[in-house]
Amino acid sequence: MINVQDIRDTARDLLAKGEVRAVIGWRAGTRGAAAEPCVIHAPEEAASLVWDPTCVHNLALYLVNDRKELVHAKKTADKPIAIVAKGCDARAIVVLLQEHYFKREDVHIIGVSCENSGVIDTRKAAPLLKGFAPTAIAFDGDDFAVTTAKGQQTLASREVMADRCLECRTPFPKESNSVLGEDKSGRDFAPQFAALQRFEEQDEAARWEFWQRQFDRCIRCFACRSVCPMCFCDECVVDSIEMKIAPETTAEEKANRIRWIERSAVRSENATYHMTRALHLAGRCVDCGECERVCPVNIPLRLLNTKMEREARETFGFEPGASIGGPSLVASFRDDDPGEFIR
Amino acid sequence: MSMEKILDKARLNDWAAALAQGDWQVHAPALEDGVWTYKPVAGDVDLDYPNTKQPPKDFAFPQREIFFAFEHIKGQAPKLVETKPQAPQCAVFGVRPCDGRGAVRMDRVFGENVNDPYYQARRENTAYIGLACNSAPAPSCFCKSVGGSPVSTDGLDILLTDLGDRYAVQAVTPTGEALIGAADKLFAKMAAADKKQLDKTHAEALAAPQRAVKDAAGAPAALKAGFESPVWEEMAKPCIGCGICTFLCPTCHCFDINDEMTSMSPPKGVRVRTWDNCQFPDFTMHTSGHNPRETLGTRLRQRVSHKFRYFHENFGMLQCTGCGRCVSECPVGIDIVAVVNKVAEHVA
Amino acid sequence: MSEKRTGVFVCHCGNNIAATVDVKKVSEAMAQEGNVVFSKDYVYMCSDPGQNSVIQAIKENNLDSVVVSCCSPNLHEGTFRENAERAGISGFTCEIANIREQCAWVHKDRAEATEKAIKISRSAIRRVAGNKKLDPIAVPVTRRAMVIGGGIAGIQAALDMANAGLDVVLVEKLATLGGHMLQLSETFPTLDCSQCILSPKMVEVSRHPKIKLMTYSEVQEVSGSVGNFEVKVLKKPTFVDAETCKMCDDCAQVCPQVVPNEHDLGLTARRAIYIPFAQAIPASYTLDESACLGLNPIRCGKCKDVCEAGAINYDMRPEIVTENVGAIVVATGFDLYPQEKILEYGAGNVEDVLDGLQFERLCSASGPTQGHVKRPSDRAEPKEVVFIQCVGSRDPANHCAYCSKICCMYTAKHARLYKHHVPDGKAYVFYIDIRSGGKNYEEFVQRAMEEDETVYLRGRVSKLHRTKDGKVRVMGVDTLTGLNVEIDADMVVLALAMEPSQGTADAARVLKIGRDKDGFLAEAHPKLKPVESVTGGIYLAGCAQGPKDIPETVSQASAAASKVLALLSKPTLSHAPTIARVRNSHCTGCEMCVTACPYEAIRLENGKAVVNEVLCEGCGSCSATCLRAAIEVKNTSPMQVHEMIEACLSF
Amino acid sequence: MSEQQNYEPKIVAFLCKWCSSAGSDLAGVSRIQYPANATPIQVPCSGSVSPMYILSALKKGADGVLVSGCHIGDCHYIEGNFLARRKLHLVKEMLRFVGIEENRFRMSWVSAAEGAKFAEVVKEFVEDLRPLGPQEQLKAKRA
């Protein structure tokens with residue numbers, strides 16, 4: 001089990017010694033039990049860092065934001081930025097490194113192993129708490145100690161853990177500068193792709209029936225895109241205007257941006273958006289599950305992404321986020337890639 | 001109060017069914033894929049819900065509205081055909097007082113300085129049947145601190161109050177009276193005991209503790225003073241720039257207008273209005289490439305300032321109704337209450 | 001898309017298009033399109049008046065872009081782009097709508113075809129709306145050519161180019177030049193000695209100052225493109241220094257290892273150290289590593305010991321030589337269809353059933369029998385010989401569907417040669433048809449029948465087998481008499497089909513040039529570009545492209561040579577400017593395009609992709625891979641495709 | 001029923017310039033007849049076909065989308081079709097996954113020599129699309 005003090009000490013030392021310019025981590029939120037992402041700059045702020053089952057966010061996103069801020073300010077960083085990273089966060093960092101979004105030396109990864117636990121899915125916990133809102137959630141061994149107005153109770157992590165954690169095989173940050181906790185890679189809490197498997201067993205009509213309902217419900221708030229560290233593009237295929245304007249951008253380009261997807265939140269546009277996003281994440285998605293967590297209308301986005309992940313793994317032997325050096329999935333091929341579907 | 005009645009809980013569905021069989025399309029909260037949403041119903045209305053994920057604002061201000069269709073045949077003048085909304089009469093059950101107050105604000109935006117015919121056409125045909133919050137539906141509620149109340153009738157046609165086995169039914173508009181009139185026989189007179197219980201229930205609701213914006217009245221001035229405060233960027237640090245807070249807000253009303261083509265030969269299509277969102281980077285993007293609100297902090301400031309300052313300057317009331325959706329639904333815990341309090345604290 | 005002034009020209013192509021497509025209607029429909037300010041139809045757009053009308057319309061109507069709805073762009077894109085240039089606008093603002101091959105010729109229903117022609121034309125208008133004026137990119141060329149294959153085709157091509165002053169590298173896989181032609185005894189229709197006409201050319205190659213000859217070498221890798229190829233050639237070690245070798249044969253005398261001699265198709269044997277035949281070029285021995293006991297004095301070393309000249313060097317190693325050339329002629333030739341696959345004729349297991357080349361060797365004065373026709377099993381002179389034509393050819397069910405073209409002629413030649421060697425012998429030919437088109441060919445066949453009394457039997461041989469008395473019993477039908485025919489022959493010669501050689505298959509793979517359904521190298525156009533491959537700067541000669549005889553091979557080789565000479569006549573080539581372009585503002589430097597590019601034409605500079613405009617071929621793999629629309633092919637941008645999709649759907 | 005009979009599937013066919021477009025030309029030269037439902041768009045290489053093109057065509061109301069390129073190993077651009085094969089496998093799987101009929105997206109390798117095959121591919125595709133009826137799933141409805 002991770003002692004949060006170790007995270008704080010590491011962060012404080014790095015800041016105190018001037019080795020990093022900031023540390024991305026979690027602190028207690030202002031509403032209820034949920035932690036929130038934070039960026040601290042002073043050694044004394046390290047004491048505010050937390051580590052609990054509500055540290056759900058993929059903090060790699062904030063490395064992307066940091067990079068964007070630097071570019072926007074036309075600054076270069078003299079020191080790396082540190083980040084507290086779970087296994088999935090670290091995998092996302094690896095993909096970002098693979099795509100040269102920043103350099104390895106720009107990042108100091110304080111790895112934290114989830115060991116035999118994971119983060120909480122409050123939707124799963126709610127019925128067990130009988131509607132009472134949690135005021136504090138902490139690790140209790142591998143399980144979760146949840147405090148509500150009715151007092152404290154321990155919930156078995158396997159019951160209320162996020163699905164992505166149940167299916168996670170590498171709860172350990174493989175890429176890190178320092179790491180806390182034990183490597184429990186290969187743990188097997190729940191069969192991988194089980195939901196996917198079940199879904200695919202349905203026939204075509206049932207699958208469409210399901211997805212059309214999901215696509216219809218999307219309100220295009222783009223939380224799925226915004227929360228995703230892989231969606232680091234400054235301009236997205238769904239944007240209706242040219243976002244990246246440079247001196248060389250022509251008036252024609254500004255005026256005639258391709259309208260692949262209209263702004264209307266209707267089925268055709270929503271479906272195209274979600275499928276495009278999943279295709280753009282193929283071989284890049286590390287299944288941190290954040291898109292699904294943040295969706296305000298509960299669209300099971302992990303299904304789409306894990307579908308692509310399984311194709312990457314099982315069809316092409318490709319593991320997203322496994323190595324910094326390798327080629328990207330869709331920019332490469334193997335001679336024996338399947339082609340039976342081609343006439 | 002112009003009309004006060006008592007409805008046996010068992011008769012609620014009969015009332016709804018009577019409306020549905022009459023001239024009304026009846027909507028009520030329903031749980032779909034784990035999300036409380038307004039759905040058309042034939043009569044089965046169950047008001048055991050916290051609050052809907054989305055406010056009822058899209059009854060009058062749908063996410064997509066077609067203004068007109070156009071066609072341009074070469075050598076001819078462009079043809080325009082206006083599309084008037086064919087809005088059915090909707091009776092919406094289960095509107096919380098905060099969302100009723102949201103409707104009041106939307107009405108002012110689309111009916112005071114400008115008269116938006118599309119909004120008006122829909123709004124005129126929409127009746128809100130509210131449900132008083134005997135206890136706060138969510139820990140994120142803060143209506144009282146922004147001038148609202150869990151039992152407010154603002155913007156509603158009828159307010160229902162749960163009295164255990166029956167509802168107190170208070171009609172506050174002629175439409176509300178008509179809704180009761182449509183099934184008059186189902187309702188009983190409000191007896192003195194009922195009235196007493198109603199008052200007690202309301203009083204308890206008003207007395208229940210809530211989160212609070214510390215000084216809502218002082219907020220417009222505080223935010224003005226704090227316009228350049230570093231707090232904005234600091235508070236926005238975790239922000240991911242998504243549109244949940246505004247798309248789920250009962251009073252956000254910004255929109256974009258686009259032409260969607262149905263044919264290019266000859267050019268044919270529709271002009272549509274869709275919701276827009278000040279949290280998106282393209283919201284204030286200029287064609288020059290300059291974006292005055294490029295950072296997350298400036299966008300957070302815009303949202304919060306609109307709610308607590310600009311709207312007040314324009315309409316003399318806070319725009320925020322304290323429904324708490326932006327707080328509970330933010331994926332990273334950005335909390336408008338904390339932000340307003342912190343900026344105020346910072347300028348004090 | 002921006003406002004353009006587009007002109008549309010719809011061609012009737014006589015009746016070729018107009019018979020199926022209502023061209024008037026197409027032209028009228030195009031006039032309704034947004035950017036179109038001029039639209040007309042005309043009976044032959046590519047005729048002189050047609051072309052002039054395009055030029056005139058561009059000038060008179062101030063057109064900035066042109067769509068011609070006509071035949072395939074492969075035919076007249078160049079023509080109309082030139083017209084555009086002549087009228088003063090960029091050729092790249094002209095697009096072809098293919099309404100003939102892809103529409104009029106493949107549909108019957110007039111209404112449907114017209115509708116489709118409208119969509120295709122409309123789509124071209126949308127494409128052209130996004131086209132930019134582009135200038136061709138001048139690329140310096142390497143004025144040097146490579147010929148792959150040292151048979152008659154390669155020799156002819158190399159000599160023609162070298163004699164015109166071009167430096168040529170000739171690469172041959174085997175230890176000597178010559179190819180299959182050198183295995184032939186005599187050639188039809190003149191019956192002159194094959195070696196006598198080929199050897200002088202081989203010598204000329206070896207002595208030519210402009211030709212670098214690389215035998216025992218194979219092309220391993222080709223990069224670059226037209227004008228500038230970089231070719232990696234593997235030089236296999238011969239273990240004999242060609243300069244020093246005195247051709248004394250001492251080494252072969254002492255060599256203990258005996259293997260079949262390929263030159264004689266296994267009818268004779270050779271040693272591990274050998275010279276394929278006496279006139280081999282280069283005139284040097286070769287040590288066949290696969291047959292040698294071990295390249296090591298401890299294990300054998302006899303040849304090294306005996307070589308007085310000291311020409312043998314066991315330490316030679318394979319060497320990769322990089323050659324830069326501007327053009328490549330592929331002349332990798334044919335192989336005979338394997339006899340093993342002819343199950344009905346014993347699959348090569350029946351003695352004295354030979355293939356045509358083996359028979360050539362038996363007739364050849366330099367062959368295993370010094371020109372006396374003797375059958376292999378008992379070295380007896382065969383008195384009855386059956387020649388079977390079309391073995392493996394024209395048999396789509398079991399073997400090759402195509403006609404191998406030369407077998408009728410060489411079978412007639414074989415029959416005649418046999419009769420000249422064994423005047424009292426009897427020659428039978430089983431045939432399906434006699435195809436003897438060619439100068440003096442028909443007369444040659446007639447002479448085989450009449451002068452040399454060859455018995456021509458029209459029919460197929462159903463099977464053959466060896467009899468107890470050492471004959472080969474051939475059973476067939478003479479379809480002219482309807483009688484079954486059974487001949488106990490002393491020897492049978494199969495006119496096996498020609499198939500592309502292994503070298504041809506390898507060349508196609510290494511050079512990435514297409515092959516046709518039979519495996520022969522594909523020409524760019526079956527009629528108009530018969531010596532060009534689909535890849536610029538790579539040309540075809542000889543049987544690698546399809547079965548042909550020697551005169552035809554020589555013609556094609558000379559044609560290929562002249563194509564290369566024309567290509568390399570100027571110091572620069574113009575490279576198509578329709579290449580990738582990076583939108584810097586959108587590029588994040590993820591390197592996916594760098595990985596995807598098949599030409600290594602993209603590199604990262606200061607975190608942004610940069611395209612090498614000479615290496616880029618404009619394939620668009622980068623564009624489809626980029627997640628940020630940061631790279632696109634000029635004049636086929638996603639915007640244009642998006643618009644074209646709309647046009648196709650009458651959107 | 002009559003609607004079904006009158007229904008003509010609309011196909012957008014992305015043909016690579018070097019093989020499939022040339023193959024389609026050969027079908028023309030050989031006068032091999034096939035249905036007029038597919039409108040060709042010439043692209044440099046099957047590898048240049050972005051997944052967006054396919055989704056976009058379906059969104060604009062195509063009943064089927066065909067991508068045709070050179071046979072594996074024969075790509076004019078060496079390996080463009082290898083990249084296409086992998087990328088479009090993912091598109092195919094994605095469409096299948098969300099429940100769009102598999103027969104709405106088709107890929108083929110047609111060489112410049114395979115005019116007859118091209119005609120066959122289009123013919124088959126049209127036949128396979130016919131029973132599916134109009135594609136309504138992704139088609140944008142603007143009204």
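A polar contact here is a pair of N or O atoms within 3.5 Å; within protein, one must be able to donate a hydrogen and the other to accept it, and residues adjacent in sequence count only if both atoms are side-chain atoms. The model is predicted, so local features need pLDDT of at least 70 and side-chain atom pairs pLDDT 80 or more, while totals for chains, interfaces and linings use all residues. Residues are numbered from 1 along each chain as its sequence is written, chains are lettered from A and ligands numbered from 1 in the order written, and side-chain values use heavy atoms, without hydrogens and water.

**Exercise 1.** Work out what holds the polar side of the contact between chain A and chain D.

*Solution.* 
- Start with the polar contacts: chain A and chain D share 19 residue pairs, both residues at pLDDT 80 or more.
- Next, see which elements (DSSP runs: helices H or I of at least four residues, strands E of at least two, numbered from the N terminus) take part. On chain A, α7 (194–200), α8 (204–217), α11 (267–281) and α13 (301–315) each give two or more residues to the side touching chain D.
- Of these, α11(A) gives the most, with nine residues.
- Now look for salt bridges (a side-chain nitrogen of Lys or Arg within 4 Å of a carboxyl oxygen of Asp or Glu). There are five across this interface, and one of them joins Glu200(A) to Arg96(D), with the closest N and O atoms 2.9 Å apart.

**Exercise 2.** Find the buried area for chain A with chain D, and for chain C with chain D.

*Solution.* 
- Buried area is the accessible area (1.4 Å probe) that two parts lose on being put together, summed over both.
- Chain A and chain D bury about 3,900 Å², 67% of it on carbon and sulfur atoms.
- Trp260(A), Phe341(A) and Arg343(A) supply 21% of what chain A buries there, more than any other three residues.
- Chain C and chain D also bury about 3,900 Å², with 59% on carbon and sulfur atoms.

**Exercise 3.** Track down the salt bridge between chain C and chain D, and the helix that gives the most to chain C's side.

*Solution.* 
- The count is one salt bridge.
- Lys60(D) pairs with Glu646(C), the closest N and O atoms being 3.1 Å apart.
- On the side of chain C that touches chain D, α17(C) gives the most, with seven residues.
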